[in-house]
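I opened my notebook for a friendly look at this chain. Here is what I looked up, entry by entry.

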Amino acid sequence: MPSHSKRCSSASHRHVHTLVGLSNPTAKTSGEEKEAACPEQRTQQPRLQFALERFTSSPACPQRKTMNEVKEALRNVEQKYKLFQQQQFTFISALEHSRENAHSKIQPISSIEQVQSYMEHHCNNSTDQRILLMFLDVCTELSKLCQRFEALHSGTPVTNNLLEKCKALVSQSNDLSSLRAKYPHDVVNHLSCDEARNHYGGVVSLIPIVLDFMKEWIAHSEKLSHKVLQHGAT
């Protein structure tokens, strides 16, 4: 009998304890106690989520996927330019032939539309036409990239200034005769003499200068994205 009484008493105690736990709405599990002890931990996740949402949806900040696509497009243009740059001597020869045919050897090459006119009206062979078309294709790709940059985000004074420079440089009628690409670019130094540099220094400098501005634009835009993300997470 005493043994049976102890077992009944123990079972009753467990039953009462369970009922107390169920009837007490303020009773906390160990996980809830940890959460209550660290209120900052509860708010950290929503804050981070909010920051990420701002990063991917805010009109003032480019979406990561779109930025990666633009960077890839710029890399593709750079690859095309490298192929063109390896044929600079052929490009200068084509311009020389075209200027002779057009009877315009006095003035330097001054614009993209002048190269376009040479290709359309003053090319006598397929080699010259091919290399002039290659130059024009790269310029067209750079112009398209300007449009994509503009659509990517509203920009800052710094990025807007860089973009305006790019748009002006790749304009068909822009006077590029005074352009000179500086170190580390060596396109001007590869021209054979002072006369060649005066005539062709601008046209060979155009693409590397625009590419530099575009890479600078991307660098500033990515800094802007990181700042928005950090600001939203605090």
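I took helices as DSSP runs of H or I with at least four residues, and strands as runs of E with at least two, numbered from the N terminus. The model is predicted, so I noted that local features need pLDDT of at least 70, side-chain atom pairs count only at pLDDT 80 or more, and totals for chains, interfaces and linings use all residues. Residues are numbered from 1 along each chain as its sequence is written, and side-chain values use heavy atoms, with hydrogens and water left out.

**Fold.** I looked up the secondary structure and found nine helices and zero strands. From the N terminus, the order reads α-α-α-α-α-α-α-α-α.

**Burial.** I found that 32% of the 234 residues count as buried, meaning under 20% relative accessible area with a 1.4 Å probe, protein chains only.

**Contacts.** With contact meaning heavy atoms within 4.5 Å, I looked at contacts with a separation of 6 or more: residues 24 or more positions apart account for 72% of them.

**Pocket.** Which helix gives the most to the lining of the largest pocket? I found that H5 does, with five residues. Helix H5 (88-102) and helix H9 (194-233) each supply at least two lining residues. A pocket here is an open set of points on a 1 Å grid over the protein atoms alone, where a 1.4 Å probe fits, with protein on both sides within 12 Å along at least five of seven lines; lining residues have an atom within 4 Å of a point. I counted 14 lining residues, with Ile92, Leu191, Ser192, Ala196 and Tyr200 nearest the centre.

Note on methods:
Buried < 20%, exposed > 50% of the residue type's maximum accessible area, 1.4 Å probe, protein only.
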